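Please look over the sequence and the model shown here before reading the briefing.

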Amino acid sequence: MARTVVIKAFGGPEVLELEDRPVSDPGPGQVRIRHHAVGLNFIDVYQRTGVYPLQLPCALGMEAAGVIEAVGDGVTHLKPGDRAAYAAQPPGSYTEARVMPAAQVCPLPDAISFEEGAAMMLKGLTVQYLFHRTVPLKAGDTVLFHAAAGGVGLIACQWAKSEGIRLIATAGSDEKCQMALDHGADAAINYRDGAFAPKVRELTGGRGVDVVMDSVGAATFEGSLDCLRPVGMMISFGNASGMVPPVSLGTLAAKGSLQITRPTLFTHIARHEDCQAMAQHLFGKVTSGAVKIRIDQRFPLDQVADAHRALESRATTGATVLLP
Ligand SMILES: NC(=O)c1ccc[n+]([C@@H]2O[C@H](COP(=O)([O-])OP(=O)(O)OC[C@H]3O[C@@H](n4cnc5c(N)ncnc54)[C@H](OP(=O)(O)O)[C@@H]3O)[C@@H](O)[C@H]2O)c1
């Protein structure tokens, strides 16, 4: 049996319940993994509230690290005793142990701790696809990155620095802005102080940025479009402040032939080979020291509701892990 966080209804943090669930042997293409640490992500909030609906009742969580206990037929990249980490569907990582598809589970280098592994897979693979698989970005390009002191954000600041990309950060307090600067952002704007677009224009000599990476959604979307250079790319990849309302294509023409995309990590890691190659790239960034995984909050698994409250109320910085 494994203590597992489940929801039986959509709602606030109070719908998170712990229950004992049986853990079976893995079938073909599956592994059984015992978790040492579990990653908390904003997608878990969207799933808990029903913004991204799931079939109820269901377990939550998309990211964890631990040790492989058993592998099913056909699994060749992992064996019992291996350290491993993953970002993967279906949800269910908020647990002590589980059986799951093996394809997106990655061998974890010894130099990376379980906590770091649990804190970096979903967030770090997201940064990998944002910077390398979404739009051609090269040294010298300028990116505007919102919520830059968050879990994804602090990895993005360091990743951009390591690639010679100029990252203009936004964050919700002066302390968070300083944190983004300390992690490699070139400039930082506290977007609670008023409109950020004029400040971005000023920082780019009036030209605008090449790319916006916007996971805040409703509150920043319009302003983000106003930060782009002609033919610039808007990457809308989240909705922490609410869903982006429907957009008229004519707006993109009027604001300078803008491009727009709405990606999700799960498209990019769907193929086993892609996922493992992206993970190797991420592990290399971390083991080389170019990217440090900052974990600012740790909660025991049975305090998962407090962890959700902290993330939703913008009280966290960097990554948050749950300890089973
Ligand atoms: N599409 C994908 O593939 C993908 C993959 C991973 C993550 N994401 C998205 O990336 C974002 C970051 O994920 P994360 O797990 O690392 O979370 P996070 O950045 O650690 O936390 C979210 C941050 O969003 C900011 N925010 C702005 N308005 C907010 C509001 N009304 N309510 C709550 N937060 C607000 C807050 O920072 P400030 O106080 O600085 O504003 C908050 O700390 C999320 O939107 C997530 O859904 C998307």
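The points below cover the domains, their interface, the ligand surroundings and the salt bridges.

This is a predicted model, and its protein chain is divided into domain 1, comprising 2–122 + 266–323, and domain 2, comprising 135–262. The centres of the two domains, taken over C-alpha atoms, are separated by 27 Å, and their contact draws on 18 residues from domain 1 and 21 residues from domain 2.

**Area of the domain interface**

- Between domain 1 and domain 2 an area of about 1500 Å² is buried, with carbon and sulfur atoms giving 58% of that area.
- On the side of domain 1, Lys285, Arg294 and Arg314 together supply 32% of the area buried against domain 2, which is more than any other three residues provide.

**Contacts and composition at the interface**

- One salt bridge is found across the interface of domain 1 and domain 2.
- Glu163 forms a salt bridge with Lys285, in which the closest N and O atoms are 2.6 Å apart, and Lys285 is also one of the three residues named above for their share of the area that domain 1 buries.
- Polar contacts between domain 1 and domain 2 amount to ten residue pairs, counted where both residues have pLDDT 80 or more.
- Helix H1 (42–49) and helix H9 (272–287) each supply at least two residues to the side of domain 1 that touches domain 2, and the largest share of that side, three residues, comes from H9.
- By residue class, the side of domain 1 that touches domain 2 divides into nine nonpolar, four polar and five charged residues.

**Surroundings of the ligand**

- There are 28 residues around the ligand, of which Tyr129, Lys176, Tyr191, Leu265 and Arg314 come nearest.
- Tyr129 places a polar side-chain atom 2.7 Å from an oxygen atom of the ligand, whereas in the case of Leu265 it is a backbone N or O atom that lies 2.7 Å from a ligand oxygen atom.
- Arg314 has a polar side-chain atom 2.7 Å from an oxygen atom of the ligand, and Arg314 is also among the three residues that supply 32% of the area domain 1 buries against domain 2.

**Salt bridges in the whole structure**

- A search of the whole structure finds 22 salt bridges.
- Among them, Arg3 pairs with Glu96, the closest N and O atoms being 3.1 Å apart.
- This pair links distant parts of the chain, 93 residues apart, with Arg3 in strand E1 (residues 2–7) and Glu96 in the loop between strand E6 (83–87) and strand E7 (97–101).

Methods: Residues are numbered from 1 along each chain as its sequence is written. This is a predicted model: local features need pLDDT of at least 70, side-chain atom pairs count only at pLDDT 80 or more; totals for chains, interfaces and linings use all residues. Side-chain values use heavy atoms; hydrogens and water are left out. Domain bounds come from an automatic or database domain assignment. Contact means heavy atoms within 4.5 Å. Buried area is the accessible area (1.4 Å probe) that two parts lose on being put together, summed over both. A salt bridge is a side-chain nitrogen of Lys or Arg within 4 Å of a carboxyl oxygen of Asp or Glu. A polar contact is a pair of N or O atoms within 3.5 Å; within protein, one must be able to donate a hydrogen and the other to accept it, and residues adjacent in sequence count only if both atoms are side-chain atoms. Helices (H or I, at least four residues) and strands (E, at least two) are DSSP runs, numbered from the N terminus. Ala, Val, Leu, Ile, Met, Phe, Trp, Tyr, Cys and Pro count as nonpolar, Asp, Glu, Lys and Arg as charged, and the others, Gly among them, as polar. A residue is near a molecule or strand if one of its heavy atoms lies within 4 Å of it.
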